[in-house]
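Here is a short report on selected local features and a pocket. Please look at the model before reading on.

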Amino acid sequence: MSLSERKKKILTCVVESFISDGEAVGSKTLQSALDFSVSSATIRNEMAYLESEGYLVQPHTSAGRVPTEKGYRYYLDNLMVLLPLNERLKGYIDNYLGKRADSPEGVLKAAADLLTEVTQLPAIATTPPAPDARVHKLRFVQTGRHTGMVVLITSTGMVKSQLFRTEFVLTSDMLRVFDTALNRVLAGVPLKDINQAFIQTTALGFGELSLFMPNVLLAIKDASVEATQISLAERGMTKLLFVNDFDILAARDVLKFMNDKNNVSRLLTAGKGTRVYIGSESGKYELYTSGIVVSRYTLDGAIAGAVAVIGPQRMNYKGIITATNYVAEKSGELISSLLETR
């Protein structure tokens, strides 16, 4: 059943007032806050209806109402009006991320740092899921007379490096040979295909040159395996202990959930665009008292990783969604630019 315009305005006022000060909202508060004139009795009747339909709950007999999960969800989907990001904050985000855009991992760590600073809540950034990631480019760096390093850059913007050792004296000419030969063969190959059997088959194709490559190829395989793992940048987790709406048990549950990196990455990289999980909507019992705002970033138009803010259900969704959206968008742009220059 759809809500009348009056009920929608009352629900909006209850949600936004509760988010603002954390106090249950009564009819007198609504009467002074609403942009239309109506009696306290009428407001109480409307609130009673919203409560009966599961949008509001009365925490104490003599108290006003507060939103339920259903109330928050209706507000987010139908009533909330997002405002443009403040130009000053936008400039700060651009400058903060731009100064740290030396690598994709650097951008994502900075994104998590920034969101924690802006929201004063824990933030997370994930590298892109890598089932379909491919080799974008290989680079080779000499680190000693008999040692070098292979740098693997993936199609999703991740950069992984592995050291290798040779039985012969490594020269710049030999590194150029590796660079030319291996990029020609491996560029575009899915990371998941670079296993021991693939390495052995590839080595055979190089003929006599393969005698110089065993350790180099093994280093590429190890870097590929590492690059397929999603990594998380987490910031501000201790802030959970100082959020008024969280008791120590709720904070402990969230921290427990955060310890399972695979669980976290699956939740954050499901779907696309920006999503908000309220309490049980996440499907994770550890998050039943929490809210999570997740924004996916794109690389060259393809959905990649995510940035997210986690907090109590009573949080400033308007501001957090707007900031998270923009940080995700900017992170994707910076990582895409890094890929183009490599």
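## Basis

This is a predicted model, where local features need pLDDT of at least 70, side-chain atom pairs count only at pLDDT 80 or more, and totals for chains, interfaces and linings use all residues. Numbering runs from 1 along each chain as its sequence is written, and side-chain values use heavy atoms, with hydrogens and water left out.

## Largest pocket

The largest pocket has a volume of about 230 Å³. Of its 14 lining residues, T119, L121, R314, M315 and N316 are the closest to the centre. A pocket here is an open set of points on a 1 Å grid over the protein atoms alone, where a 1.4 Å probe fits, with protein on both sides within 12 Å along at least five of seven lines; lining residues have an atom within 4 Å of a point. The volume is the space filled by probe spheres set on the points, which are joined across faces, edges and corners.

α12 (317-340) and α6 each supply at least two lining residues. The largest share, 3 residues, comes from α12. Helices are DSSP runs of H or I, at least four residues; strands are runs of E, at least two.

## Q120

Q120 lies in the loop between α6 (104-119) and β3 (123-126). Its phi is positive, about 60°, although Q120 is not a glycine. Most residues other than glycine have a negative phi.

## H146

H146 sits in the loop between β4 (135-142) and β5 (147-154). H146 and F164 are 18 residues apart in sequence, yet 8.5 Å apart in space, C-alpha to C-alpha.
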